[in-house]
Amino acid sequence: MGKYTNGLLKALAARFEVVGYKRPGGFLVQPSAAVPMVEDVVACDLLLNCAGPFWDVNRILAPAYGPGRPLVASIFYDAIPWVYADLYLKDPAVRTAYHNRCVEIYAQADLVCGISASATADAIRFGYADPERAVTVWTGVEAVPCEPGPAGAALGLDRGYFLNVSGEDHRKNPRALVEGFLRSRAKARRGLVLVVSNDAQTRFSERLRAEFGDLRRQGVHVLGETGERALGSLYRDCDA
């Protein structure tokens, strides 16, 4: 289970009889719905695979593809290993094994459920799904707690804002987002709020100020690690 599928699990468990099949090893994120867990294959109408393909243990059971098998749906999280294949899949053996698991988990499934529109598009782009059997699971993320007041007021924002939440690394490149925003016409009407989880370690905001000057005067707010309720409020109130 992952945090992006716990909301989906709760929604399914509220309407249907759901049984969890636990593979060897622990959970990255504990399931948030109280469902019975089994360690052997049971008869079912739909098998929902919430595990990703990067680790060998995360594989749909072979019996699920036998005669009279149930419908199989798989959660597609991202295609980061393929986008950065020179980093994650340099070893040809690892690359082949990862591809084979993607085929087993996604290409052979009846439905591929991306956790975002971009994830769904990547599943299609990399050949593990086609448009007829790929959907975006908008209900995948659980609701988060929020502060009661408007998030922008705490930052001194008197207009709508765009929100980006990430760390600073070569995959995210929040600096390019700031530069693009400052060059855009949107900055006349909206602000930009970036939550950079590793700002204290990378000194990202300090380097931005040295390059672009006083960012707050230009509508850009860079926050470091942010509490859950404050982050929930930022998500709730942002324009995009």
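A: Helices (H or I, at least four residues) and strands (E, at least two) are DSSP runs, numbered from the N terminus. This is a predicted model, in which local features need pLDDT of at least 70 and side-chain atom pairs count only at pLDDT 80 or more, while totals for chains, interfaces and linings use all residues. Residues are numbered from 1 along each chain as its sequence is written, and side-chain values use heavy atoms, with hydrogens and water left out.

Q: Where do Glu 179 and Arg 175 lie?

A: Both belong to helix α7 (residues 174-183), 4 residues apart, which is about one turn of the helix. A salt bridge here is a side-chain nitrogen of Lys or Arg within 4 Å of a carboxyl oxygen of Asp or Glu.

Q: Is Arg 125 buried or exposed?
A: Arg 125 is exposed, because its relative accessible area is 57%. Buried means under 20% relative accessible area, exposed over 50%, and partly exposed in between (1.4 Å probe, protein chains only). Asp 122 has 18% relative accessibility, so Asp 122 counts as buried.

Q: What about Asp 130, which residue is its salt-bridge partner?
A: Asp 130 forms a salt bridge with Arg 133, with the closest N and O atoms 3.3 Å apart. Asp 130 is partly exposed at 29%, whereas Arg 133 is buried at 16% relative accessibility.

Q: Changing topic: in what order do the strands of the open sheet come?
A: The open sheet is formed by 4 strands in the order β3-β4-β5-β6, with parallel pairing. Two strands pair if DSSP finds at least two bridges between them.

Q: Why is one side of β3 and of β6 left without a neighbour in the sheet?
A: β3 (46-49) and β6 (134-136) stand at the edges and each has a single partner strand, so one side of each has no neighbour in the sheet. From one strand to the next, the twist averages 25°. Axes are lines fitted to C-alpha atoms, for helices over the stretch in contact, and angles run from 0 to 180 degrees between N-to-C directions.

Q: How many bridges join β3 to β4?
A: There are 4 bridges between β3 and strand β4 (residues 71-76), and the two run parallel. Val 72 in β4 is the bridge partner of Leu 47.

Q: Which helix packs on the sheet and touches β3?
A: Helix α4 (residues 92-107) does, touching β3, β4 and β5 (111-114), and its direction makes about 125° with that of β4. Contact means heavy atoms within 4.5 Å. Helix α5 (residues 117-125) lies across β4, β5 and β6, and runs at about 165° to β6.

Q: Last one: where is Ala 34 placed?
A: Ala 34 is in the loop between β1 (20-21) and β2 (37-38). Ala 34 counts as exposed, because its relative accessibility is 84%.
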